[in-house]
Amino acid sequence: MRFKNLDLNLLVALDALLTERNVSRAAEKMHMTQSAMSNALARLRQFFGDDLLVQVNRGMELTPRAEGLKIPLRDILVRVDASVIAAPRFDPAQSDRVFRIYVSDYTLAMIVPHFLRLIGPKRYPIRFDFRPQTDQPQRTLESGEADLIIIPSEFASPHHPSQVLLQEEFVCVADKDHPRIGSELTQQQYCEEPHAVMKPMKGAVSFETRALQEIGVERTITATTYSFTSLPGLVVGSDRLATVHASVAREAARLVPIQILRLPFQIPRIDLAMQWHTYRSNDPAIIWLIETISAAVGAANI
């Protein structure tokens, strides 16, 4: 199919080339031979009158023209996928669709197991690809990489619909035999004792860290990790404290010797939201996914 002398099939190849910045990887992604992808690149260069990708040292970089094409091209392909290719009906018992869901370690540990248990007995042929959350989750929506993202609502994009999935409060956890902490925790103790803290990737700030900064509470940090769910284990047998979601603390208390303490100050509860691309709002498969995850959370009473 052609549009103004452009073979529209080349747009999909161009998207792969701009994403991968490598002819071989783009060919593999498209299930094409390398020579076929090289031919597609040559035709694209001729149509646009631009090199699009240029060799720099051992890699390839996008030209300014290619950089300008990247986002609108992805937007076009997402629209086509959502409006034209998506099936008008969705039957999870018949579909072989793969859902790409970006989640934090908290969601993976506390929500995903309930969701999979809910649908597990039905032996649906559908599949789920749970991917680690990124520091710019909105980009995974814009690029079409994500069917759904689950993030704190304050980090959700204002340009796409979202739905609050649950609310969680934060608590403090300490070893059951902490030498200086009893059944209650003072703000002075909280500030003076050492802490284990979750630090997101690439310099991002986590919800509870931002909340503490806003009320002027500073922690003495002696250990950091990339995972919220690992924090309770990092206080066991030590004098460290950690600030975690209440459900994470309750689950950990069943497995390791920790005590759960109320925070000696007020910070907001976290609203965890599901978000999807605007163009997928009428996709029956996405509607089913959102409703099923919501039902799993409701049944689990997190």
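**Exercise 1: The largest pocket**

In this predicted model, 41 residues line the largest pocket, and the ones nearest its centre are Arg 74, Val 78, Ser 143, Gly 144 and Glu 145. Your task: work out which element gives the most to the lining of this largest pocket, and how the lining divides by class.

*Solution.* 
- Step 1: get the volume. The largest pocket comes to about 1,200 Å³.
- Step 2: list the elements. At least two lining residues each come from α1 (9-20), α2 (23-30), α4 (64-85), β5 (98-103) and α7 (137-142).
- Step 3: find the top contributor. That is α4, which gives eleven residues to the lining.
- Step 4: sort by class. The lining has 19 charged, 15 nonpolar and seven polar residues.

**Exercise 2: The second largest pocket**

Find which residues are closest to the centre of the second largest pocket, then sort its lining into nonpolar, polar and charged.

*Solution.* 
- Step 1: start with volume again. The second largest pocket has about 740 Å³.
- Step 2: go to the centre. The lining has 34 residues, and Ser 104, Gln 133, Thr 134, Met 198 and Pro 200 are the closest to the centre.
- Step 3: trace the elements. Those giving two or more residues to this lining are α5 (105-110), β6 (127-132), α7, β7 (148-152), α9 (207-214) and β14 (270-275).
- Step 4: sort by class. Here you get 21 nonpolar, seven polar and six charged residues.

**Exercise 3: The nonpolar cores**

Which members of the largest nonpolar core touch the most other members, and which helix supplies the largest share of the core?

*Solution.* 
- Step 1: recall the background. Nonpolar side chains in soluble globular proteins tend to be buried together.
- Step 2: The largest nonpolar core has 56 residues, and Phe 99, Leu 148, Ile 150, Tyr 190 and Ile 293 touch the most other members.
- Step 3: find the helix. The largest share of this core comes from α12 (residues 284-300), with eight residues.
- Step 4: zoom in on one member. Beyond its neighbours within four places in sequence, Ile 293 contacts Ile 111, Phe 115, Leu 148, Ile 150, Leu 165 and Met 274.
- Step 5: look elsewhere. There's a second, separate core of 23 residues, with Leu 17, Leu 18, Leu 53 and Met 60 among them.

**Exercise 4: The cavity**

Work out which residues line the largest cavity, and to which class they belong.

*Solution.* 
- Step 1: count. One cavity reaches the cut-off of 30 Å³ or more.
- Step 2: get its volume. The largest cavity holds about 40 Å³ of space.
- Step 3: name the lining. You'll find Ile 101, Val 103, Ile 111, Val 112, Phe 115, Phe 130, Ile 150 and Ile 293 there. Two or more of the lining residues come from each of β5 and α6 (112-119).
- Step 4: sort by class. The lining has eight nonpolar residues, no polar ones and no charged ones.

How values were computed: Residues are numbered from 1 along each chain as its sequence is written. This is a predicted model: local features need pLDDT of at least 70, side-chain atom pairs count only at pLDDT 80 or more; totals for chains, interfaces and linings use all residues. Side-chain values use heavy atoms; hydrogens and water are left out. On a 1 Å grid over the protein atoms alone, a cavity is a set of points where a 1.4 Å probe fits but cannot get out, and a pocket is an open set with protein on both sides within 12 Å along at least five of seven lines; lining residues have an atom within 4 Å of a point. Grid points are joined across faces, edges and corners, and a volume is the space filled by probe spheres set on the points. Helices (H or I, at least four residues) and strands (E, at least two) are DSSP runs, numbered from the N terminus. Ala, Val, Leu, Ile, Met, Phe, Trp, Tyr, Cys and Pro count as nonpolar, Asp, Glu, Lys and Arg as charged, and the others, Gly among them, as polar. A nonpolar core is a set of buried Ala, Val, Leu, Ile, Met, Phe, Trp, Tyr and Cys residues joined through side-chain atoms within 4.5 Å. Buried means under 20% relative accessible area, exposed over 50%, partly exposed in between (1.4 Å probe, protein chains only). Contact means heavy atoms within 4.5 Å.
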